[in-house]
Amino acid sequence: MKSLCVSFAAVVILAVAGSAAAAQSSSGAAVTPPAHRTAQGTGVVTEIDLKGDTVTLKHQPIPAFGWPSMTMPFRVTPPSLLKGLKVGEKIDFDTNEGNGLPEITAIRKP
């Protein structure tokens with residue numbers, strides 16, 4: 001049992017040390033992950049995926065991200081924002097770059 005506790009402690013110490021090392025650049029300075037950019041957009045709902053917590057929008061250009069008009073999926077956080085949305089409905093939305101899929105954080109009906 002004592003050997004199991006010592007092994008566990010060693011794993012924890014190595015994990016903490018590895019995390020600290022990963023948070024430094026090659027010069028030794030701490031690295032801050034880039035902040036997600038945010039923007040507002042306007043679009044028309046083309047698909048709603050309640051299981052995947054996503055909505056697909058045909059949106060107008062979003063200059064803050066350098067995006068032209070296009071149709072694309074967005075993760076929706078919180079998923080409760082999907083309640084009451086209908087395909088074909090025009091919405092205004094707040095978005096950020098998210099991880100993987102862009103993320104909608106607010107929806108307004110104009």
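This is a predicted model: local features need pLDDT of at least 70, side-chain atom pairs count only at pLDDT 80 or more; totals for chains, interfaces and linings use all residues.
1. Strand 1 covers residues 38-49 and joins strand 2 in the antiparallel sense, over six bridges. As a reminder, strands of a sheet pair through backbone hydrogen bonds, either parallel or antiparallel.

2. Stepping back to the whole fold, you will find one helix and five strands, and the order along the sequence is α-β-β-β-β-β. Five strands form a closed barrel in the order 1-2-3-5-4, and the pairing is mixed. From one strand to the next, the twist averages 55°.

3. Is histidine 59 buried or exposed? Its relative accessible area is 3%, and buried means under 20%, so histidine 59 counts as buried. This residue lies in strand 2, which spans residues 54-59.

4. Which residues does histidine 59 touch, leaving aside its neighbours within four places in sequence? Its contacts include Thr42 and Gly43, the run Trp67, Pro68, Ser69 and Met70, and also Met72, Phe74 and Phe93.

5. Some totals may be handy for your own comparisons. The protein has 110 residues, of which 26% count as buried. Its accessible surface comes to about 7300 Å², with 62% of that belonging to carbon and sulfur atoms. Among contacts with a separation of 6 or more, 50% come from residues 24 or more positions apart.

Conventions:
Residues are numbered from 1 along each chain as its sequence is written. Side-chain values use heavy atoms; hydrogens and water are left out. Helices (H or I, at least four residues) and strands (E, at least two) are DSSP runs, numbered from the N terminus. Buried means under 20% relative accessible area, exposed over 50%, partly exposed in between (1.4 Å probe, protein chains only). Contact means heavy atoms within 4.5 Å. Accessible areas come from the Shrake-Rupley method with a 1.4 Å probe; for residues, only the protein chains shown count as cover. Two strands pair if DSSP finds at least two bridges between them. Axes are lines fitted to C-alpha atoms, for helices over the stretch in contact, and angles run from 0 to 180 degrees between N-to-C directions.
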